[in-house]
Amino acid sequence: MRLERREHRPLALVVLSPILAVAAALVLAGLLIAAAGAPVLEAYGRILTGAFGTRLAATETLTRATPLMLTGLAAAIAFRARLWNIGAEGQFYLGAIMVAALGSSALSGLPGPVLVPLLFAAGAIAGMALMLVPLWLRLRFSVDEVVTSLLLNFVAVLFVSMMIDGPLKDPLAFGWPQSMPVADHALLPKLIERSRLHIGLAVAIAAALVIYLLQARTVFGLQSRAAGLNPEGAVFAGVPLGRTLVKVACLSGGLAGLAGAIEVMGVKGYVTTDLSPGYGYSGIIVAMLANLNPLGVIAAALFTATMFVGADGMSRAMGIPTYIADVTVALSLLTMLVAIFFTQYRIRR
Amino acid sequence: MTTETTESTAEPVLALSHISKRFGPIVANDDISIALGRGELLALLGENGAGKTTLMSILFGHYTPDAGTVRVDGVELPHGRPRAAIKAGVGMVHQHFSLAPNLTVLENVMTGTEPLWSLRSRKGAARRKLAAIAERFGLSVDPDARLGDLSVGEQQRVEILKALYNDARILILDEPTAVLTNIEAERLFRTLREMARQGLSLIFISHKLDEVMAAADRIVVLRGGRVAAERRAAETNKAELAELMVGHRVTRPTRAPAEPGATVFQASRLTVSSGGVERLKAIDFFLREGETLGIIGVSGNGQTTLSQLMGGLAAPSGGEMRLFGEPVAALDVDDLVQAGVGRIPEDRHRQGAIGEMAIWENAVLERIRQPLFSRRGIVNRSAGQAFAATIIEEFDVRGGTPTSRTRLLSGGNMQKLILGRNLYRRPRILIAAQPTRGLDEGAVAAVHARILEARQAGTAVLLISEDLDEVMGLADRIQAIVKGRLSAPIAAEDADPRRLGLMMSGDWAAGEGNTGEGHPHAS
């Protein structure tokens, strides 16, 4: 049995592969559910009803998907240019704390329509600034950004921890470490009344469309793809490598920072150190599931959110650990990698 | 029809019989039969895409043939089992080496020969065996050197050693000289001859007529997936082989005498350093419209730096440059492209094109900022695709459409694409670095014709090449590059292989040096 590189990739295969990958992951996870002693189909049914069965569940799933879309985009755009931003988690938190700092006091006098976009920008800039550090180290000293961006996550989270236990601590929180809340008119309008679903979802979907067009239609998109695929060839063709990577880093870090800002303004209103259940890291999985396609990120984020939200319901009803959601998402990443492989190679006997 | 194999010696060590292989609609091998005798050095000659590599991959078990058999010493090998081929004594030296750069020579050679879970590694025994083999065939390599630190020629020696270490009696070499300098290639063929003399049987794949004629006992010519002919080296000549290989007579283009115009580029006492080493030392040359300057030299004497400098990728540390009469401190890619300087890079796969991108994207990438191809940062895809379609049409790029991936093009067609994107807009200067390296005869002729055509139309051409025939065929003036220095130019009429050979060996360097004679006086 041999593997041969495919010279042509049939469109049907490219479209079908993520679907088959998810199906395969569900089958594999099904074995674990069966091992835990529950009927598999019923368990998956519970996950679906848990995620979409009621109005509350559906809005909750979409609320969860929103930050995943943004961090997924952050990873997708960076990875396309072979810039390995593993620091979305830290950028997310820095964006969040920035919004909490400005939105609770300094800028809170501004009217809502001015304040909200301004806070979005502030969060994005905070994320950008954090991503520019590893990029600078890479361009200046050839330091691997995988390591530096990853380690900065811990720096950022500890910094946030310090701020919410120090200068930004909410005096009315009974001693709990949490930031002061942002002004009421800085909170995002709800998409659906009496739910947590906010207009951040629209922002995230719009961001995916914009990134898609940016990559497919613009000079910057072409150049960043060239820089990622073959830096030497890109330089020969006059692509300004450093400048292109700076732009990519700004977009990537900015999206992750924006995710943090939107999470604060849309859901909680203040920052705690459990604001993100690993959105930054999950974004990497979302991006890989989407094969780095910005529009695919929307679907991948929805899938991931469905698993996480639905698993809670399933766990309660059937006594299976919620970890099954983590396992399923992780399995789907693995099966997706296999699927990507088979869109590029075929088996020959 | 198939040429039936003639038995060259009594019992063939290796016999390929009626091998056929299709990839989708493409017939890569069509009923091919070849026999290899003991102690024989056989050349498999053919253009790119003639089916040579496919055939050898089948022999080595990388591909499964649709029909046909492979026999070693009369015993049929199971299809698609490299391990069986290795066990039967077949060794393969790939064009792109399959070695690990972070391991030592010895470790590389031993990889795959030991059980994975064994606790002790038998390094001592391996070292002795390797030394014995190296001694026997004169393949000296330091067993403890890290592979990544070795030159390409030495890495190839390690590949050969690895095959021999696995007790190969039949050795297949896929385009072994593609990555070598002339001197390394000569050395390789001496080794191969010695191996044949000691009873090994060898097949080497090539599309270079000279080396096939010089090294092989017997030559099998493949064309379009079939055996086109089989000749003993002693009974054929280059012209016949070339004709058999491409299917028609190859003629090098003839050229009209140059009528040089204005000087468009001039370098005076130019020095370029990289990594603290002076790669180019106070060189002088100039380019004139409608004239080709050929830079000839043995690989590794500063050609790479020169093509980087002229391509806008390296800046001089001393001396002066004038582009179109204006002094410039350094050449910049965008400025060069804007000013109408066409550039053909030394390495077409790494620099000339981005394989995973579409052909049209590669066609427009260096000019993407120009209004024709983008406006306010938005790419004009239809204009780009139309441009690529024009190039494909006019420069006869085969095997791709504007939207197909560039990686799928053969080397020759990729080079035609690169030529096309440069020549289509009638550049004032064309920098051509090793423009035909690794191409087959048909593609070489096409590239040469285009370069001559450009020079005829008034382009100033800088041709940097290691191929004597190419430089003598195309250049009007010739300078040799030796250890980062340039000789004074000589006129093409005064050049013959002997004189150029002397220049390339650096005879001038000691005495007269680069005195700068031959400058255009008062341009």
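Which handedness does the crossing of α1(A) and α13(A) have? The crossing is right-handed, where a crossing counts as right-handed if the near helix is turned clockwise from the far one by less than a right angle, and left-handed if anticlockwise.

Before the tour begins, note that this is a predicted model, in which local features need pLDDT of at least 70, side-chain atom pairs count only at pLDDT 80 or more, and totals for chains, interfaces and linings use all residues. Residues are numbered from 1 along each chain as its sequence is written, while chains are lettered from A and ligands numbered from 1 in the order in which they are written.

**First stop: two helices of chain A**

Select residues 11–35 of chain A, helix α1, together with residues 323–344 of chain A, helix α13. Helices here are DSSP runs of H or I with at least four residues, strands are runs of E with at least two, and both are numbered from the N terminus. The axes of α1(A) and α13(A) lie 8 Å apart, and the helices pack at an angle of about 140 degrees. Such axes are lines fitted to C-alpha atoms, for helices over the stretch in contact, and angles run from 0 to 180 degrees between N-to-C directions. The contact of α1(A) with α13(A) is made by 20 nonpolar residues, five polar and no charged. In this count Ala, Val, Leu, Ile, Met, Phe, Trp, Tyr, Cys and Pro are nonpolar, Asp, Glu, Lys and Arg are charged, and the others, Gly among them, are polar.

**Second stop: a loop residue of chain A**

Move to A:R194, in the loop between α6 (145–164) and α7 (200–217) of chain A. Its phi is near 50 degrees, a positive value in a residue other than glycine. Most residues other than glycine have a negative phi. A:R194 is exposed, with 9 other C-beta atoms within 10 Å. A residue is exposed if 12 or fewer other C-beta atoms, placed from the backbone, lie within 10 Å of its own, buried if 20 or more do, and partly exposed in between.

Turn to chain B and display the open sheet with the order β6-β7-β8-β3-β9-β10, a sheet of six strands with mixed pairing. Two strands pair if DSSP finds at least two bridges between them. At the edges stand β6 (90–93) and β10 (226–232) of chain B, each pairing on one side only. From one strand to the next, the twist averages 20 degrees.

Now select β9, residues 218–223 of chain B, which pairs with β10(B) in the antiparallel sense over six bridges. Within this pairing, B:V220 has B:E230 as its bridge partner, and B:V221 has B:A229. The hairpin of β9(B) and β10(B) has two residues between the strands, and B:G224 in the turn has a positive phi of about 55 degrees. With β3(B), strand β9(B) pairs in the parallel sense over four bridges; there, B:A43 is partnered by B:I219. Because five of the six residues of β9(B) are buried, this strand is largely enclosed by the rest of the structure.

Next, select the open sheet of four strands in the order β12-β11-β14-β15 of chain B, where the pairing is antiparallel. Its edge strands are β12 (277–288) and β15 (326–328) of chain B. Strand β11 of chain B, residues 263–274, pairs with β12(B) over eight bridges, and B:S273 stands opposite B:E278 in β12(B).

**Last stop: where the chains meet**

Finally, show both chains: 27 residues of chain B are in contact with 20 residues of chain A, contact meaning that C-beta atoms, placed from the backbone, lie within 7 Å. On the side of chain B that touches chain A, the elements giving two or more residues are α10 (333–339), α11 (348–352) and β18 (378–379) of chain B. The residues of that side comprise 13 nonpolar, eight polar and six charged.

How values were computed:
Contact = placed C-beta atoms within 7 Å.
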